[in-house]
Amino acid sequence: MYPLVKHKHKILNTSLAYCCRLIDQCFSLKSSKNVTVLHALLVKVGFNRYTFLGNRCLDLYCRSGSSAVDVLKVFDDIALRNVVSWNICLKGLLNFGHMEMACSLFDEMPERDVVSWNSMIVGNASCGHVDRALERFRRMQISGVQPSEYTYSILMSVVFATLGGRELHGSLIRRGFSTSNVVLGNSLIDMYGKLGLLDYSVGVFLGMKDKDIISWNSLIICFCKCGHGELALHWFWLMRSLGHSVDAFTFSAIINCCSDLRKLNKGEQSLALCMKLGFLCNSLVSSASIDLFSKCNRFGDSVKLFQELEHWDSAACNSMISCYAQHHFAEAALLLFVLTLREDIRPTEYTFSSLLSVIHSFPVEQGTQIHCLVIRLGFDSDAIVASSLVDMYSKFGFVNCAVEIFSRMTAKDLTCWNTLILGLTHNNMVYEALDTFKELLQSGPPPDRITFCAVLLACTYGGFVDVGLTLFSSMIDDYGIPPSNEHFVCLVNLLFKAGRFDEAVELIKEIPYEPDCLVWESLLDACAIGDLNLIEGMVERLMEVMPEPSMAYQLLTRIYEMQGKWESLVRLKNTMRNLVKPVVGFSWIGMKNQIYVFDAKQLEQPGGKDVYCTMRLLTWEMEDEAVTSRSTMIDSI
């Protein structure tokens, strides 16, 4: 007989089946208050000690957002705990972010199954501790627990080293799992795509007997991320030709691919197909379309598309904030961010990243306010946001704040390292930048082309010729990174500053492709006092590779001034008036939440009379002090 509890004038049925139905109802309502009431009922009738109901109540507390203390109380009340009880409690502690408590509970478990090990692997991976996750996987195999498909899917989503990825693939095959399995196959395609091993991704895809839409999407996204947009478009055409269905993720990937390729025509064709199939109203597609128009210099179409959206969401607002940031509309980006907060749209890490990229246009107080909001919303531990904060404080010149944020990061990806090295370099802290690079080689991920560009720039600023040449050779020989124009520009500048002009010219001749304008500009700066005919020939080459010839004319103007060729200078300036659109310089300063912009051609600024009067008063005071100090000195003599 199950007990009947009298409650005022009603008799409450407290049978086991009735309590199970109540728990099911609480799962659907997701209310912490209802969970507390139900728990009180279970305690009152003594069902909280039953293993089955205790486990369900424990799971309810874990999903309702209650505290870890409540979860542990429910766990302790269960008289006979089975492995399910331990697993639910372990998962709850990990979801609440109590990693140390979860590790202690895991060590106390009398029995561990594959779910227990998977939970710990997920917990370590979500905290950025990839090495610990892999170590748990090794200990799991040593203990005799067979990994599941989910285990391999978790590890393949976080591995970032080529060797580790291949080891996982080999272990999967040795354990008898077939790579033709859809879930494992999709995970392998995604993993090899992140590692840049496209041949392996295609091989896994072709070896799969059954392919779903996720398989096709994963392969197309891999091509996009690895910079092979044309192949992504080809596989999309093949996917459509074979009669496979497409979804919003497919179109989002294809439109992003067109954005990266700056192929507006292809992107508009994809948009037309989206409208035909009814995907344009999807948030992923609309946000990708805004980004497409933004990157293809169709800013007005981005704004128009955003204004035509029926409702705002996080993805669309992020794309529009990023669009404003890319086109240097910092005030509009900040205003839209404020409006999203008023609409109760929670910002994401990408929101803060886009906003922080332009916040240096405002007074530093605005940046610190955004930083406070980042901390309050719990994004300070995110690698993307932390990198943006490091970049922001570096641009403001507060390098110590940037270094402190970097040192507090638990999981540091390569973007974080690159951002700090560039920040230190631009603030002329070249020794610290090189030390950070050495630390990266010892304890961080492998460097990429951006890393070497940053350290070569630091060598240029510091005049470390031998170090720069060594790093340039190491980049090619040890890391297999082909040098780009940015690397050649840094090395050419480094050789010029060291007076090794002939070596720099030989290096330019050895560039395997047509040097861009930055290389020629560096060469012009270095040979400004050389042969004028040679310089004019290089300016002609520079004008051929530059989309706008104004920079070439300005360089030649500066050279004519340095060499005293005044007649040539007059003729050149007359030519510039007819061919070159004048570039007006601007500067700005932020005071008391207001930005004052100054035009180089503006003779008198707003409030200029007051400024000049104040300057005169300050000049008179300085002159009076100088006269007074001079008189005092004479009297003392």
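Residues are numbered from 1 along each chain as its sequence is written. Because the model is predicted, local features need pLDDT of at least 70 and side-chain atom pairs count only at pLDDT 80 or more, while totals for chains, interfaces and linings use all residues, and side-chain values use heavy atoms, with hydrogens and water left out.

**The core**

Begin by selecting Ile-220, Phe-352 and Ile-370, which touch the most other members of the largest nonpolar core, a set of 164 residues. Such a core is made of buried Ala, Val, Leu, Ile, Met, Phe, Trp, Tyr and Cys residues joined through side-chain atoms within 4.5 Å, where buried means under 20% relative accessible area, exposed over 50% and partly exposed in between (1.4 Å probe, protein chains only).

**The cavity**

Next, select Ser-314, Cys-317, Asn-318, Ile-321, Phe-337, Thr-340, Ile-345, Arg-346, Pro-347 and Thr-351, which line the largest cavity. Helix H19 (314–326) and helix H20 (330–342) are the elements that each give two or more residues to this lining, and H19 supplies the largest share, four residues; helices here are DSSP runs of H or I with at least four residues, numbered from the N terminus. On a 1 Å grid over the protein atoms alone, a cavity is a set of points where a 1.4 Å probe fits but cannot get out, and lining residues have an atom within 4 Å of a point. The space in this largest cavity is about 50 Å³, a volume being the space filled by probe spheres set on the points, which are joined across faces, edges and corners.

**The salt bridges**

Finally, select Glu-230 and Lys-263, which form a salt bridge whose closest N and O atoms are 2.2 Å apart. Glu-230 lies in helix H14 (residues 229–241) and Lys-263 in the loop between helix H15 (248–261) and helix H16 (264–277), so that the pair links parts of the chain 33 residues apart. The rule asks for a side-chain nitrogen of Lys or Arg within 4 Å of a carboxyl oxygen of Asp or Glu, and by it the structure has nine salt bridges. Move on to Arg-298, which is partly exposed at 31% relative accessible area and whose side chain meets Glu-268 at 3.5 Å, N to O, and Asp-301 at 2.5 Å, N to O.

Note on methods:
1 Å grid on protein atoms, 1.4 Å probe; cavity = no way out; pocket = protein on both sides within 12 Å on 5 of 7 lines; lining within 4 Å.
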